[in-house]
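Q: Please take me through this structure one feature at a time. I would like the general idea of each feature, followed by the case in hand.

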Amino acid sequence: MIIQLYHPNDLPPVRQAKRRIVLVAGCMAIAFIMVLLHLAHMSIVAQSVERKPARLNASAPAYLPERANIVDRTGKLLVANIVTYSVYADPKHILDAPAALRQLKTVLPNLETAKLLKPLSDKRRRFLWIKRNLTPSLYQRINSLGIPGIEFKREERRLYPGGNLAAHVLGYTDVDAQGLGGIEAGMNTRLQNDKTPLALSIDTRIQHILADELEKSRAYFNGIGALGMILDIKTGEILAMVSLPDFDPNDAGKADSNARFNRATLGVYEMGSTIKIFTTAMALDSGVTDMKGQFDATNPIRVGRFTIDDYKGKHRWLSVPEIFMFSSNIGSVKMAEAVGIEGHRAFISKIGLTRPMRLELAENGSPIVPRVWHAVTSMTISFGHSISVNAVQLCGATAGILNGGLFYPPTLLKDGNRHKTPIRLVSEQTSLDMRKLMRLTVTHGTGSKSEVTGYFPGGKTGTAEKSSASGYKKKALLSSFIAAYPMYDPQYLIFAMVDEPQGRRETGGYATGGWVSAPVVARVIERISPLLGQLPKATDDPIILRALAIDPEDPTNANLAKYH
């Protein structure tokens with residue numbers, strides 16, 4: 001038997017080729033298996049990193065709590081959630097922190113790389129926020145960088161489609177979707193736990209009109225701010241609430257404190273002569289006088305070094321209608337004196353001016369009320385000094401006086417008072433009398449510029465000097481007008497105030513409530529009435545004339561001639 005040995009190089013060419021193919025295939029198989037193992041490892045690590053942020057860092061929750069949408073009374077969307085992505089880093093998997101930051105800065109030029117470098121280089125750390133709430137474009141650009149250790153997290157962000165509209169009502173949230181103002185803060189728990197839309201009493205159409213007219217007046221009279229409110233007298237629901245200047249809740253961080261301040265609820269002010277609504281109602285309801293009663297307003301009242309006088313006083317005895325129509329300070333003091341200090345204080349407390357009137361939002365101002373009521377205190381409060389309240393208190397109490405005497409607490413929620421029992425403030429007769437007196441102020445008094453033919457508004461002007469540590473500032477006014485309509489059966493209450501308006505040549509230099517805010521109410525009535533289904537009535541309707549007549553025996557306005 002012959003054994004023949006071959007050197008590898010002596011193998012036939014075909015066999016050499018086969019051997020080389022097997023060798024190459026084996027190497028490729030090994031490489032392929034290594035790649036698969038590496039990909040599997042990276043997948044497991046990535047999934048682990050994505051699950052870890054909330055567990056490793058309490059400040060980075062695994063998910064943001066979904067919040068309920070907010071809608072207006074007609075169902076129009078006011079606040080909603082949108083999906084966004086935030087970028088974070090797992091420093092353990094960052095290969096080169098400085099290089100990673102340089103790459104990120106090409107997409108995020110405002111990134112504070114100096115602050116991020118140290119934590120990003122800390123391999124013991126497993127989570128670090130880079131940027132929250134990215135736009136889709138930024139998300140795509142950062143993702144395309146392909147930086148190892150840079151990951152993304154799905155989040156939710158609150159969107160306010162109306163921008164500035166109703167900003168102080170809605171409020172805003174922080175980056176973790178926690179309410180920081182307005183309804184967002186006041187109803188934070190409800191919005192987190194109940195995912196059904198929260199329906200507000202606000203009507204965005206009415207809100208827009210009120211804001212528009214207030215801004216026009218503020219700009220025309222060069223005021224520093226304005227506020228207003230529209231209330232459903234029958235239910236206490238607020239259809240519109242405006243505070244100017246305002247802000248965009250989509251970017252609340254850029255707004256200054258003045259813009260975020262809610263003048264309508266957090267601001268408390270001496271309301272001036274609008275408080276005479278309550279002084280007169282108190283005198284009528286207590287029985288110390290009636291619509292035919294009279295008080296001596298012949299001479300000013302002197303208290304120490306102070307003098308209480310009337311603006312363009314008549315210097316004679318005035319009837320109750322005249323005291324209200326001419327806004328007599330002297331007559332108001334005499335009515336408060338007739339009721340007495342304790343009776344006066346009890347009535348002011350009864351109508352809700354001595355305690356906070358809480359709305360469903362976060363900002364609720366507390367009234368400033370004298371601790372002790374002396375005779376002088378009662379005098380000054382009777383015509384709107386020495387007590388500071390917010391617009392919600394003023395409007396809520398006035399609505400209660402006019403709607404038959406029943407008080408429903410103001411609310412920002414649709415059907416917010418459905419299951420509440422109203423509190424009686426005054427008798428039905430007093431309520432009827434106050435409607436007549438407020439109508440008289442428009443037809444023959446200081447509120448004439450609020451008249452809208454066919455809608456029969458009634459109201460009361462208020463012009464108060466702002467107080468300071470050194471006393472009252474005569475050139476810093478709060479000019480307001482509170483009104484309701486139609487006065488034969490009031491449905492809606494409207495309040496407008498401009499902060500520090502300046503007189504104009506066209507107004508004879510005046511910047512009082514009758515010049516500044518009464519016209520706002522007139523324009524608002526004209527614009528909102530068609531939306532609310534309010535149609536004008538004939539001005540000579542005998543039923544309406546009788547309902548508003550001061551003298552029941554004379555249902556026409558002829559009986560008012562004697563008040564001039």
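Q: Where is the place of serine 327?

A: This is a predicted model, in which local features need pLDDT of at least 70, side-chain atom pairs count only at pLDDT 80 or more, and totals for chains, interfaces and linings use all residues. Residues are numbered from 1 along each chain as its sequence is written, and side-chain values use heavy atoms, with hydrogens and water left out. Helices (H or I, at least four residues) and strands (E, at least two) are DSSP runs, numbered from the N terminus. Serine 327 sits in the loop between helix 12 (320-325) and helix 13 (329-339). Its phi is near 55 degrees, a positive value in a residue other than glycine.

Q: Is serine 327 buried or exposed?

A: Buried means under 20% relative accessible area, exposed means over 50%, and partly exposed is in between (1.4 Å probe, protein chains only). Serine 327 has 13% relative accessibility, so it counts as buried. Asparagine 222 also has a positive phi, of about 55 degrees, although it is not a glycine. Asparagine 222 is exposed, with a relative accessible area of 55%, and lies in the loop between helix 9 (204-220) and strand 8.

Q: How many bridges join strand 8 to strand 9?

A: Two strands pair if DSSP finds at least two bridges between them. Strand 8 (residues 225-232) and strand 9 run antiparallel and are joined by six bridges. Leucine 227 stands opposite serine 243 in strand 9. The two strands form a hairpin with five residues between them, and glycine 236 in the turn has a positive phi of about 85 degrees. Seven of the seven residues of strand 9 (residues 238-244) are buried, so strand 9 is largely enclosed by the rest of the structure.

Q: Which residues are joined by a cis peptide bond with omega of about 5 degrees?

A: They are leucine 244 and proline 245. Proline 245 lies in the loop between strand 9 and helix 10 (257-260). Another cis peptide bond, with omega of about -15 degrees, joins tyrosine 485 and proline 486.

Q: Which residues touch the most other members in the largest nonpolar core?

A: In soluble globular proteins, nonpolar side chains tend to be buried together. A nonpolar core is a set of buried Ala, Val, Leu, Ile, Met, Phe, Trp, Tyr and Cys residues joined through side-chain atoms within 4.5 Å. The largest one here has 93 residues, and those touching the most other members are Leu200, Met241, Phe278, Leu353, Leu412, Met434 and Phe495. Helix 16 (residues 391-402) gives this core its largest share, eight residues.

Q: What is phenylalanine 495 in contact with?

A: Contact means heavy atoms within 4.5 Å. Leaving aside neighbours within four places in sequence, the contacts of phenylalanine 495 include Leu227, Met229, Met271, Leu394 and Phe481.

Q: Where is asparagine 403 found?

A: Asparagine 403 is in the loop between helix 16 and strand 14 (406-407). Asparagine 403 is buried, with a relative accessible area of 14%. Not counting residues up to four places away in sequence, asparagine 403 touches Ile233, Tyr408, Ser431 and Arg435. The C-alpha atoms of asparagine 403 and lysine 234 are separated by 6.5 Å, although the two are 169 residues apart along the chain.
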